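Please read this note beside the sequence and the model. The points are numbered and can be taken one at a time.

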Amino acid sequence: MALSSKDRVMLALKGKKDEIDRTPVTCANQTVTVEQMDNLGIYWPEGHSDAEKMAQLGMAAYKQCGLEVADAPFDQAVEAEILGCEVDLGKKKESIPSVPFHGYKEPGDVPIPEDFLEKGRIPTVLKAIEIMKKDVGEEAPVISHTNGPFSLAGHLGEINKILIMILRTPEKVKEFAEIGIDLIADYANAQFDAGADVVTVEDMLASTDILSPQMYDDFAAPFNTACIKKIKGPTILHVCGKGDLIVESMIGSGATNISVDMATDLNKAIPKTRGRCTIMGSVDTIKALFQGTPEIVREQVISNIRQGVDLVAPGCALSPLTKSELIKAMVNASIEYFAE
Amino acid sequence: MVILADKAKDLRTVFRRYSLEAEPASPDAVIKTGLPSDPNFSKVAKGVIDGDAAAVESSLKAAFGAGIDPLTAINDGLIAGMNVVSDLYEKGLYYLPQVMIAADAMAVGIGVCEDKLGHPAEKKGLVVTHVAEGDIHDIGKEIVSALLAANGYEVINLGRDVPVEDVVNTVREKKPAMVTGTALMTTTMTAFPRIAARLKELGIVIPFVCGGGAVTREFVEAYDYGIHGVKAHHAPHLAAAAVKGKSWKTIREDYEDITGGYAYKW
């Protein structure tokens, strides 16, 4: 009997290569596109704050393109929002909510609601996970998303100010990052309770495009490790940008899997993961999936498989302007490669 | 009228293509090589490199005491220091936080020099910077703006999530030598061709340097005026070319030479 996408992804995440028929094609980050929205007649920004709409959009890449994941939420502002940061949900159907907030001066200024799991859009996300679990939960893995503690600190203190603080008042940055440890872990655990199979900890602001590897080790890595330790299910740690110099620290976080950006050298990263965690990546979300052709996508997928990724995935969140044709090409490349 | 010396040519020799793995370097070695030999200037430059505004201020005052004029202090001290910072960033030895505090220290130093002069130093030219409409990610734009200012350009920083019309109107009214746009996301970079088209309708011809996360050369070169800004520290070189009157087409074609031998990776 053929494996379901859910089984394939879950086995691959745990490194059980011998038990699967082919490398799964999934995504650690958001997968919704305008083309999928048009097909459903469901759009952002409503899909960011309505549980049913969020669920339908979260399953669209699976149902419409065969991408082996159902996911939510689609933005990285949920946690910041419940901590009092101004959030802009956007006006257009391709708008991703952002945090235009100018930053708390002091970590002590951040209001942490006691019942934060009932605040903001958290109930929406949890409800969407439940709906997706009921609908496709037997076939596709439900992968939900949280911020990493450093990235949340970047929202709370405002990233430009946080970067200056790193050199001037580093203890303060650590205090900002500390806020996320329990909060994110509790949120992730609530996502598991709602039906998530895997939680991605997205640490987009900890990219080496922004932080030096040493800064990553000081201000991002220990907080990811502490947070992931408290999360009760399988985790993916995703960091954007060129990860070559932080792969070792990403592995050290204790995440089940690390998701790396296309700028990361897989030939160097993959051997480091062996026996310690699994790795997914890294189809180029711009040059292949956004501007590319089915042939370019196919070549990248096959290259990733030959390099030895445990799961094929886009190197980052899918652009909402990605064509379904190219998402399908990504999935089909693995199916065809293993059929040959 | 007082004019800042054009250091762009000196900078060009500093920015050579560099492979971190083939040629590991330490920050100390780069700093040692790049520091001016005259102790009056080296202290000022070191203050910038360390992002230590207080050290910049005190060493500038000491330099004035030794009879050095403020403009020479800007060129041979502050800008010399910022050149080293750019070099460290290019080599992957400095990251954004260090560049940001260096630019802060530099700005304090310029202020101290201008106070001594009694008037603002003449700027090399005007550049307008902005982050695309719908996009709030402004780290790149802040670095571009800081590096331009540190290299003696006047910068009108329009901020983030800037409507197309605001960019167009500012360019029309202020007549900058160059305009830059940054965008992190594929969904927001679509504002750039709209800006270029609007400027064209108005008969305005200007180099429009676009860069940021999702922005690729292919995307930017699909519209007139567009020049793909690859790295933030290329901005002062591109501005120097624009101020010299080079056209957007020439800057696009000569990008590698202008920015110091950066090789495009497609």
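Cis peptide bonds and other points

1. A:Pro73 sits in the loop between β1 and α5 of chain A; helices (H or I, at least four residues) and strands (E, at least two) are DSSP runs, numbered from the N terminus. A cis peptide bond joins A:Ala72 to A:Pro73, with omega about -10 degrees. This is a predicted model, in which local features need pLDDT of at least 70 and side-chain atom pairs count only at pLDDT 80 or more, while totals for chains, interfaces and linings use all residues. Residues are numbered from 1 along each chain as its sequence is written, chains are lettered from A and ligands numbered from 1 in the order in which they are written, and side-chain values use heavy atoms, leaving out hydrogens and water.

2. A:Pro45 belongs to the loop between α2 (34-40) and α3 (51-58) of chain A.

3. In chain B, B:Asp161 has a phi near 50 degrees, a positive value in a residue other than glycine. B:Asp161 lies in the loop between β2 (154-157) and α8 (164-174). Most residues other than glycine have a negative phi, and most peptide bonds are trans.

4. Which residue forms a salt bridge with A:Arg121? The partner is A:Asp75, and the closest N and O atoms are 2.8 Å apart. A salt bridge here is a side-chain nitrogen of Lys or Arg within 4 Å of a carboxyl oxygen of Asp or Glu. The pair links distant parts of the chain, 46 residues apart: A:Arg121 is in the loop between α5 (78-82) and α6 (122-136), and A:Asp75 is in the loop between β1 (70-72) and α5. Over all chains the count comes to 31 salt bridges.

5. Between chain B and chain A the rule finds zero salt bridges. In contact (heavy atoms within 4.5 Å) are 25 residues of chain B and 31 residues of chain A.
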